[in-house]
Amino acid sequence: MTDKLQLSVVIPLYNEDESLPELHDWIVRVMTEQGYTYEILFIDDGSTDRSWEVVSGLSASNPCVRGIRFTRNYGKTAALQTGFQAARGQVVITLDADLQDSPDEIPELYRMITAEGYDLVSGWKQKRYDPLSKTLPTKLFNAVSRWVSGVQLHDFNSGIKAYRLPVVKSMNLYGEMHRNLPIVAKWNGFSKIGEKVVKHQARKYGSTKFGLDRFINGFLDLLVIAFVQKFSRRPMHFFGTFGTLSFFVGTLITVYLIGEKLYNIANQMKYRNVTDNPLFFLALVAIILGVQLFLAGFLGEMLVRQSTHKTGDYLIAERAGF
């Protein structure tokens with residue numbers, strides 16, 4: 001059964017009980033028309049409305065539907081990570097639960113993965129129905145993401161994406177990393193990343209969960225990803241470089257101050273104690289900082305050699321269809 005599944009549709013959700021039946025029926029219609037073997041994974045991120053009741057009902061009536069409910073709200077990244085771990089289809093599609101992503105895009109996304117050999121295809125919502133308070137930060141975030149990662153996508157945070165199964169299985173997500181999945185995929189070695197213009201629909205039910213804090217957190221996680229991917233296995237290269245530079249500058253200033261004093265003494269010129277010069281304290285701070293950075297790099301190297309990654313820390317309250 002697992003080997004025959006062509007598609008897994010992973011849908012993270014939080015308080016979307018009104019939209020779920022319509023979204024389910026829409027996906028089923030597309031799958032039936034195309035003749036796909038599929039599963040739908042609803043990941044309830046600690047909803048406080050009737051969302052889990054709806055998911056349980058859909059799972060009971062459709063054997064292709066499976067659901068997972070968290071004990072509390074962990075965030076979209078946690079929901080996607082859990083959905084990716086549970087997915088069994090050879091192509092994994094992600095959709096938002098608010099009906100702003102169209103399931104009619106699934107066949108073309110599936111074709112691009114299977115026929116054109118993409119590792120990941122990201123949806124690009126050229127025409128959006130979001131407020132300006134959401135679109136402007138999104139554009140800024142996308143520009144920074146392109147600059148940092150070198151991945152040339154217009155919309156990193158699009159909820160609708162398609163992946164080959166090995167891509168999602170390679171990911172270890174936390175924080176707000178759902179905004180940076182193409183970057184994570186690239187740095188995991190899956191570099192064939194494409195883009196498809198998709199239709200964006202106005203929200204039909206409920207209200208947006210977007211806030212400025214999520215944009216800030218996403219930006220900070222982008223910096224974390226950039227640092228971790230480049231230096232997580234060689235922290236001494238980062239801390240050691242800056243530590244050595246700082247120590248060298250501090251030592252150079254100290255030698256200069258001592259040399260200046262000795263020169264003035266030898267030539268019977270006026271001089272002052274090295275400790276009376278403000279530059280001495282700058283040099284002292286630089287030397288201490290250099291030693292600390294070098295030790296941080298050394299400790300980082302020791303931790304890397306002994307560390308093990310722990311995943312699956314999200315507490316699940318219930319499952320349906322498993």
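Predicted model: local features only at pLDDT ≥ 70, side-chain atom pairs only at ≥ 80, totals over all residues.

**Strands, then charges**

I started with a facing pair: I43 stands opposite I68 in β3.

From β2 the chain goes through helix α2 (residues 51–61) and on to β3, a right-handed β-α-β crossover. Strands β2 and β3 (residues 65–70) run parallel, and 5 bridges join them.

Next I checked the other neighbour. Strand β1 (residues 7–13) also runs parallel to β2, with 7 bridges between them.

Is β2 buried or exposed? I went through its residues 38–44: 7 of the 7 are buried, so the strand is largely enclosed by the rest of the structure. Buried here takes a relative accessible area under 20%. I also sorted the side chains by direction: Y38, I40, F42 and D44 point one way, while E39, L41 and I43 point the other way, and all are buried.

**Charged pairs**

How many salt bridges does the count come to? I got 10 salt bridges, and looked up a few.

I took R29 and E33 first. Their side chains meet in a salt bridge at 3.4 Å, N to O. Both residues lie in helix α1, 4 residues apart, which is about one turn of the helix. E33 is exposed at 55% relative accessible area, and R29 is partly exposed at 36%.

R29 has another partner: D104 forms a salt bridge with R29, with the closest N and O atoms 3.4 Å apart. This pair links distant parts of the chain, 75 residues apart, as D104 sits in the loop between β4 (91–94) and α4 (106–114) and R29 in helix α1. I have D104 down as partly exposed, with a relative accessible area of 43%.

Last, I looked at E116 and R111, whose side chains meet in a salt bridge at 2.5 Å, N to O. Both count as partly exposed: E116 at 31% relative accessibility, R111 at 33%.

Which residues do shared partners join into one network? I noted R29, E33 and D104, joined by salt bridges that share partners.

Key:
Residues numbered from 1 in each chain as written. Heavy atoms only, no water. Buried < 20%, exposed > 50% of the residue type's maximum accessible area, 1.4 Å probe, protein only. Helix = DSSP H or I, 4+ residues; strand = E, 2+ residues; numbered from the N terminus. Pairing = 2+ DSSP bridges. Right-handed = clockwise from strand over helix to strand, strands pointing away. Salt bridge = Lys/Arg side-chain N within 4 Å of Asp/Glu carboxyl O.
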